[in-house]
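Thank you all for coming; I would like to walk you slowly through one protein model this morning.

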Amino acid sequence: MPRLLLRTSCIGTIDAVLFDKDGTLSHSEPHLLSLARRRIDTAARLWRERCPEQSMEAQLRDGLRHAFGIIPEGLRPDGTIAVAARQDNLVSAATVFCLLGLSWPDALSLATASFDQVDISDNADNTPQTPSPLLPGAEDFLHQLGRQGVPAAVISNDTRTGIERFLAHHKLSTLFQQNWSADDSPRKPDPEAVARLCKRLSLDPANCALIGDAETDLQMAVDAGIGVVVGYRGGWSTHPRLPSARHVMDNWQELALEAAP
């Protein structure tokens with residue numbers, strides 16, 4: 001098996017590499033921050049239209065900023081918008097509405113309308129949204145895997161369509177053999193998601209590496225028996241805390257693949 005090198009030291013031999021997408025392969029913070037802010041603005045507008053307590057709008061905005069993980073530096077890398085699926089973010093928003101006095105049905109309806117209206121606005125001109133750019137050095141490492149015949153897979157809480165669009169936009173589709181998305185069950189961070197993805201690859205998790213930027217992903221990898229667990233910290237303005245990472249890197253140039261002797 002090829003050897004995975006971190007800062008020129010071997011950290012394991014591998015049959016495949018599983019990658020998180022947002023914040024690991026893609027520089028997604030600007031897009032996610034914009035998305036969070038547009039959802040907050042839309043929710044505030046709908047709140048003004050539907051709710052008599054307009055004086056609570058400031059509390060609503062503040063609550064949603066906390067729920068989504070917006071901080072002065074940008075986004076919390078462990079916040080809901082950074083690591084969780086759309087449905088999880090919708091439930092977070094609905095919970096904020098509940099805390100401000102709405103019933104759960106009304107809160108869920110308002111959150112759903114807010115998210116849907118942002119989606120409709122984004123798609124209004126029928127122009128596909130440009131996927132986030134790759135993080136520097138990621139493409140070089142992926143091509144190293146391809147040259148040595150090491151399978152790669154994405155495990156993400158983005159939709160299957162979102163993952164495929166991202167890979168196609170960056171001309172990486174042929175380098176990835178499988179993916180596990182928010183459309184699959186169970187979703188990450190359930191360790192069974194890793195187990196089933198490895199089964200699709202016909203590989204033992206112990207012989208695979210997983211690279212991610214979220215503590216939930218890395219703990220998932222450990223629980224699933226992944227052999228090499230690598231935390232990536234270079235995708236966010238604020239470095240994430242990754243206590244479950246067995247190895248940590250800040251840029252893709254630190255990682256390399258070496259053919260088996």
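Let me begin with the largest nonpolar core, which has 33 residues, and in which W47, L60, L64, F68 and F97 are the residues with the most contacts inside the core. Please keep in mind, as we go, that this is a predicted model. The elements that give two or more residues to this core are helix 1 (29-50), helix 2 (57-68), helix 3 (80-83), helix 4 (86-99) and helix 5 (104-122), and of these helix 1 gives the most, with nine residues.

Now let us turn to a pair of helices. How do helix 1 and helix 2 cross? Their axes come within 10 Å and cross at roughly 150°, and since an angle over 145 degrees counts as roughly antiparallel, helix 1 is roughly antiparallel to helix 2. The crossing of these two helices is right-handed. Where they meet, helix 1 brings A36, R39, I40, D41, A43, A44, W47 and R48, while helix 2 brings E57, L60, R61, L64, R65 and F68.

Is S114 buried or exposed? Its relative accessibility is 2%, so S114 counts as buried, and, leaving aside neighbours within four places in sequence, S114 is in contact with R39, T42, A43 and L46.

Three of them form an open sheet in the order 2-1-11, with antiparallel pairing. Strand 2 (9-13) and strand 11 (255-258) stand at the edges, and each has a single partner strand, so one side of each is left without a neighbour in the sheet. On average, and with direction ignored, neighbouring strands of this sheet are turned by 30° against each other. As a general point, strands of a sheet pair through backbone hydrogen bonds, either parallel or antiparallel. Here, strand 1 (residues 3-6) runs antiparallel to strand 2 and is joined to strand 2 by four bridges, and the bridge partner of L5 in strand 2 is C10. Lying across strand 1 and strand 11 you will find helix 6 (residues 138-147), which runs at about 10° to strand 11.

Conventions:
Residues are numbered from 1 along each chain as its sequence is written. This is a predicted model: local features need pLDDT of at least 70, side-chain atom pairs count only at pLDDT 80 or more; totals for chains, interfaces and linings use all residues. Side-chain values use heavy atoms; hydrogens and water are left out. A nonpolar core is a set of buried Ala, Val, Leu, Ile, Met, Phe, Trp, Tyr and Cys residues joined through side-chain atoms within 4.5 Å. Buried means under 20% relative accessible area, exposed over 50%, partly exposed in between (1.4 Å probe, protein chains only). Two strands pair if DSSP finds at least two bridges between them. Axes are lines fitted to C-alpha atoms, for helices over the stretch in contact, and angles run from 0 to 180 degrees between N-to-C directions. Contact means heavy atoms within 4.5 Å. Angles under 35 degrees count as roughly parallel, over 145 as roughly antiparallel, 65 to 115 as roughly perpendicular and the rest as oblique. A crossing is left-handed if the near helix is turned anticlockwise from the far one by less than a right angle, and right-handed if clockwise.
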